[in-house]
Amino acid sequence: MSNNKAKIIGLTVLTSTVLLSGCGLFGTETQKKIDPPKTVVENKTSKETTAAKKENAENVVKTELYLIDKNGYVVPQTLALPKTSSVAKQALEYLVANGPVSELLPNDFRAVLPEDTELSVDINKEGVATVNFSKEFKNYQPEDEMKILQSVTWTLTQFNNVKSVKLKMNGHDLTEMPVNGTPISGNLSRATGINYDTTDVVDITNTKPVTVYYIGGEEGSYYYVPVTRRVSASETNNIVAVVNELIKGPSEKSNLVSEFMSDVKLLEAPKYEDGKVTLNFNENIYGSFKEKVISQNLLDALVLSLTEQTGVEKVAVQVKGKAELKNDKGKKLTEPVTRPEKVNTGSF
């Protein structure tokens, strides 16, 4: 078993321990029954709290910001931003260092755009978002150049009306980045990739990119990280390619982990129909042979990875042809799993 995969087993044990230790809730319930006056006060407080939460929820919008973690990965973090009619512009403004995002940044994350950068965003009916940056945009460190391109592109393309991104600075089209000269040929899209991993790739010309999600972070604050790997151009089925990369796992040199064991296998070719992919695995997909359950974290990584493929909207999982499964939280997987609306919301 690789070190990468051994780490995540500790996470599963830890999660189970936390869930089983919630017995203190029963003590709170007993106290309410003994002391009626306190119950009235607590109920009133509870209603006020609920009302305040509802009002707050109505005034914010959950937005994915692609920020940089301490290991240099560009990672989506879903944050609650003030409700606005210009969500695309606001999202980029929250990528500016020492800007409004400062109070919201998760631990060990940083914003990607240079301090004092101003910008505008115009989205046409073809789905092209043109971003015009002020001159401060060029004040970034050379090593951040690719991260900026990826962060801006992936942050904007989370919105349904944005398919690709065009960059300007001071009103002039950018055909290359201003510091390291990275070429910008045409419009940017998610097809360009993110967090490139070319480990063990000898001849890149005979490969193609696929993006998969691994797990990063530390105990107590894990999150999903999209990584673009290179696979053989002769692999005609991208769904198979994605599954194989998840099973292969992240590079040993990375700080990422996977819950897929190396002996997981597809027993037959994936079936695709009307946006749904059906996968039939061997029993090694189980997180526990005794309980015969599938890790929800593994399932999430699988669904996030596959729904990056054009046309894939939901995923159905079978084990040896049987579809009546359940996850490690005891929930039956009776329906195909769709992509979560937002990634890394703070609850893993």
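## Overall composition

Of the 348 residues of the protein, 42% count as buried. The model is a predicted one, and its secondary structure comprises seven helices and 14 strands. The protein exposes about 19100 Å², and carbon and sulfur atoms supply 50% of that area.

Contacts between residues at least 6 apart in sequence may also be considered. Among these, 61% join residues at least 24 apart.

## A sheet of four strands

Four strands, in the order E4-E5-E6-E7, form an open sheet with mixed pairing. Strand E4 (119-123) and strand E7 (172-173) each have a single partner strand, so one side of each is left without a neighbour in the sheet. These two strands therefore stand at the edges.

Strand E5, residues 128-133, pairs with strand E6, residues 164-169, in the parallel sense. Six bridges connect E5 and E6. The bridge partner of Asn-132 in E6 is Lys-168.

## The helix across the sheet

Which strands does helix H5 lie across? Helix H5, formed by residues 145-156, lies across E5 and E6. The helix runs at about 130 degrees to E6.

## Confidence of the prediction

The average pLDDT of the protein is 86, and 83% of the residues score at least 70. Over residues 8-40, however, pLDDT stays under 50. For this stretch the model has 14 contacts beyond four places in sequence. Where pLDDT is low, the predicted coordinates should not be read in detail.

Notes
Residues numbered from 1 in each chain as written. Predicted model: local features only at pLDDT ≥ 70, side-chain atom pairs only at ≥ 80, totals over all residues. Heavy atoms only, no water. Pairing = 2+ DSSP bridges. Contact = heavy atoms within 4.5 Å. Axes fitted to C-alpha atoms, helices over the stretch in contact; angles between N-to-C directions. Buried < 20%, exposed > 50% of the residue type's maximum accessible area, 1.4 Å probe, protein only. Areas by Shrake-Rupley, 256 points an atom, 1.4 Å probe, with all protein chains shown as cover. pLDDT = per-residue confidence, 0-100.
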